[in-house]
Amino acid sequence: GMSALNNFLKKGLRSFGIEVRRRQDFPGPFIYPVTLDNHRIPFWIVDAKAKKWYCKDLVMTCELAFLKAHCPPGGVVFNVGAHHGLVTLAMARWVGPEGRVHAFEANSGNAMTLLANIALNQAWQCAVSHTGVGKEKGNICIAGERISAPGQPGAFIPCISLNDYVA
C-alpha cells in the first residue's frame, strides 16, 4: 500500500543522502536574539531542533566557561561539530577581531546555517570547513546528522585530521 511506497521512496532518497521527514509545525526560519555570556547574538533559527535549543537565554555552563578561559584575545581556536554556530560566534567574540576561529561541520544544511550566522554577525575572523574531522584524512558517509554505517546510504564528504589541517 501507500506505506510500502513511502518506505521505498524514502530508502531511495536516503541512498543520495536525502532524509525525508514529516514537516513539524515550525514557523521559520527566523532570527532570534540569543543571550550568551551577557551578550545578545542575532541567530538564525532554521528548524524545530534549533528553536528548542537556542530560543532561550543560555546559561554559562562549566563547559562554556572552560572554552572562554581558553579563547584569549588574539587566540586561534577550533570548533569541531559547529552545528549552527552559536559556540563559534561566542568563541569569535572571545578571541576578538585579531583572533581566528576554525569551525568544522559535516552536515551540509548545518554548514549553510553556520555560514549564514557568521555573516549575520559579521564574524569575519571565522573560517568554516564543510568537512568531517577524524583520526585521518579520507571520506565519510553522512545521512542527515549521522555518520552512515559501511554500505548504508548517505552522502560522501571529505574528512580531515586536525594534524593535517594545521600542517
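## The largest nonpolar core

The largest nonpolar core has 25 residues, and Phe43, Tyr54, Leu86 and Val101 have the most contacts inside it. A nonpolar core is a set of buried Ala, Val, Leu, Ile, Met, Phe, Trp, Tyr and Cys residues joined through side-chain atoms within 4.5 Å. At least two residues of this core come from each of strand 1, strand 2, helix 2 (48–54), helix 4 (86–95), strand 4 (100–104) and helix 5. Helix 4 supplies the largest share, seven residues. Helices (H or I, at least four residues) and strands (E, at least two) are DSSP runs, numbered from the N terminus.

In soluble globular proteins, nonpolar side chains tend to be buried together.

## Basis of the model

This is a predicted model, in which local features need pLDDT of at least 70, side-chain atom pairs count only at pLDDT 80 or more, and totals for chains, interfaces and linings use all residues. Residues are numbered from 1 along each chain as its sequence is written, and side-chain values use heavy atoms, with hydrogens and water left out.

## Contacts of Phe43

Leaving aside neighbours within four places in sequence, Phe43 is in contact (heavy atoms within 4.5 Å) with residues including Phe30, Tyr54, Leu86, Leu89 and Leu120.

## Two loop residues

Asp37 lies in the loop between strand 1 (30–36) and strand 2 (39–45). Its phi is near 55°, a positive value in a residue other than glycine. Asp37 is buried, with a relative accessible area of 17%.

Gln122 lies in the loop between helix 5 (108–120) and strand 5 (126–129), and its phi, near 50°, is also positive. Gln122 is exposed, with a relative accessible area of 55%. Buried means under 20% relative accessible area, exposed over 50%, and partly exposed in between (1.4 Å probe, protein chains only).
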